[in-house]
Amino acid sequence: MRTSLVEGIDWVGHIDWTVRDFHGYATERGSSYNAYLIRDEKIALIDSVKDRFAAQLLAHISDFVEPEKISYVVCNHAEPDHSGALPEVMKICPDAELVCNAKCRDSLAKHFDTASWKFKIVTDGDTLSLGKRTLSFMNTPMVHWPESMFTYVQEDHILFSMDAFGQHLASAYRFDYQEPLDTVMEEAKKYFANIVMLYTRPIARVLERAAEMQIEMIAPSHGVIWQKNIGDIITAYEDWVAHKNRAKVLVIYDTMWKSTEKMAIAVLRGAQEREIDARLIHVRATNITNIATEVLDSAAVAFGSPTLNQTLMPEMAAALTYLKGLRPSDKSCVVFGSYGWSKGAAKDIETYLNDMKFNIIREPIQSQFAPTQEILEECRVAGRELADIAAKGDDG
Ligand code: FEO
């Protein structure tokens with residue numbers, strides 16, 4: 001298996017085949033924590049892995065060098081999936097300098113006992129010579145945490161991009177061209193939607209700076225390395241950062257006794273009367289990771305919930321709470337749902353949608369118990385209206 005990016009730079013991370021829940025993110029294809037070893041006159045380790053995989057990291061490093069010969073341990077990001085093994089690494093390499101920015105040093109000190117670590121603090125634009133190679137550092141605050149940075153190998157034009165451009169994808173291979181591109185892009189999109197969608201402005205700045213760099217490989221901290229398809233992932237990020245919508249309508253709903261489900265299907269059928277992509281999502285049959293991914297590029301979304309205990313159903317509340325945190329943008333919406341003796345769900349859904357500054361195109365459609373034919377026709381009309389808006393709002 002190819003682990004070498006170029007002569008002297010190798011992948012030494014860990015493939016996590018079995019993880020299915022990454023702090024709530026449904027990692028259906030597993031993940032990886034990528035670390036990279038640069039062997040030059042000085043040896044540098046770029047990032048580490050989760051704490052419980054420290055032994056695998058050290059074993060991979062040992063395939064190339066004795067770990068204690070590492071001079072620099074670069075930490076691009078303090079989140080524990082990339083820093084968790086640092087205490088073990090720094091114990092084995094007591095003379096190594098931990099290279100990071102000041103915010104990262106402070107963050108690491110709040111996670112670990114760093115008293116004995118030797119820090120080499122770098123800032124944006126700083127360089128570090130390893131001998132024949134030179135590392136340069138680029139602060140990328142909020143991509144994904146405040147202390148995040150990229151590391152770039154000037155001579156090989158390799159960008160170690162940490163979470164950016166990553167995918168939760170366990171693979172037998174290390175490079176993008178070795179997996180079906182559809183699969184890699186699907187996981188990259190899911191990663192963007194669920195991890196960095198709310199940081200579109202910082203990512204846009206990163207993309208502007210990346211456009212000025214010569215890049216022959218993007219080596220993220222999760223998933224495969226971009227080598228042959230760099231243009232595809234950059235273009236996709238540009239679209240996602242710009243909140244480009246597709247002509248797509250989602251109908252997201254929950255139901256108790258099928259009344260709201262009948263309404264959801266009527267909305268869907270209305271949308272399907274137009275030549276657009278219309279999809280039905282039951283919140284209790286679809287994890288929120290995939291719901292967020294679908295919402296990312298949908299122009300229009302209908303949200304439906306029956307009233308339960310004078311409010312919306314709990315899984316719908318969870319989905320909306322999650323979406324609100326991720327800050328999707330520029331969606332047109334309709335709200336619908338059934339109720340028994342008191343209303344409440346529609347109003348509470350609208351509160352979420354208003355918080356997200358979504359465009360609610362009409363009054364909510366509400367049905368006391370089972371929907372009548374008139375109410376179902378109203379749902380169908382609403383579906384058509386959403387489809388018409390989605391078709392006009394298609395950003396290509
Ligand atoms: Fe993969 Fe923000 O850590």
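Let's start at one serine: leaving aside residues up to four places away in sequence, S83 touches S48, V49, H77, A78, L108 and F112, where contact means heavy atoms within 4.5 Å. S83 sits in helix α2, residues 80-83. Helices here are DSSP runs of H or I with at least four residues, strands are runs of E with at least two, and both are numbered from the N terminus. With a relative accessible area of 0%, S83 is buried. That word means under 20% relative accessible area, while exposed means over 50% and partly exposed is in between, using a 1.4 Å probe and protein chains only.

Before going on, keep in mind that this is a predicted model, where local features need pLDDT of at least 70, side-chain atom pairs count only at pLDDT 80 or more, and totals for chains, interfaces and linings use all residues. Residues are numbered from 1 along each chain as its sequence is written, and side-chain values use heavy atoms, with hydrogens and water left out.

Now zoom out. The chain splits into domain 1 (3-241) and domain 2 (249-390), with bounds that come from an automatic or database domain assignment. Taken over C-alpha atoms, the centres of the two domains are 38 Å apart. Where they meet, domain 1 brings twelve residues to the contact and domain 2 brings 13 residues.

How much area is buried between domain 1 and domain 2? It comes to about 1,100 Å², with carbon and sulfur atoms giving 59% of it. Buried area here is the accessible area (1.4 Å probe) that two parts lose on being put together, summed over both. On the domain 1 side, N194, M197 and L198 supply 48% of the area buried against domain 2, more than any other three residues.

What else goes on between the domains? There is one salt bridge between domain 1 and domain 2, a salt bridge being a side-chain nitrogen of Lys or Arg within 4 Å of a carboxyl oxygen of Asp or Glu. There are also seven residue pairs in polar contact between the domains, both residues at pLDDT 80 or more. A polar contact is a pair of N or O atoms within 3.5 Å; within protein, one must be able to donate a hydrogen and the other to accept it, and residues adjacent in sequence count only if both atoms are side-chain atoms.

Which elements of domain 1 do the touching? β5 (25-26) and α5 (181-196) each supply at least two residues of the side that touches domain 2. α5 gives the most, with five residues. Sorted by type, that side of domain 1 has seven nonpolar, two polar and three charged residues. Ala, Val, Leu, Ile, Met, Phe, Trp, Tyr, Cys and Pro count as nonpolar, Asp, Glu, Lys and Arg as charged, and the others, Gly among them, as polar.

Stay with the charges for a moment. The structure holds 27 salt bridges. One of them joins the side chains of D297 and K189, 2.8 Å from N to O. Both residues belong to a network of salt bridges that links K189, R246, K248, D277, R279, E294 and D297.

The side chains of D95 and K118 meet in a salt bridge at 3.7 Å, N to O. D95 lies in the loop between α3 (86-92) and β10 (97-100) and K118 in strand β11 (residues 118-121), so this pair ties together parts 23 residues apart in sequence. D95 is exposed at 63% relative accessibility, whereas K118 is partly exposed at 40%. Then there's D124 and R209, whose side chains meet in a salt bridge at 3.0 Å, N to O. That pair links distant parts of the chain, 85 residues apart: D124 in the loop between β11 and β12 (127-129), and R209 in helix α6 (residues 200-211). D124 is partly exposed at 32%, and R209 is partly exposed at 35%.

Finally, take a look at the backbone. M162 has a phi near 55 degrees, a positive value in a residue other than glycine. M162 is in strand β15 (residues 158-162). Is M162 buried or exposed? M162 is buried, with a relative accessible area of 1%. N309 also has a positive phi near 55 degrees, again in a residue other than glycine. N309 is in the loop between β19 (298-304) and α10 (314-326), and N309 is exposed at 68% relative accessible area.
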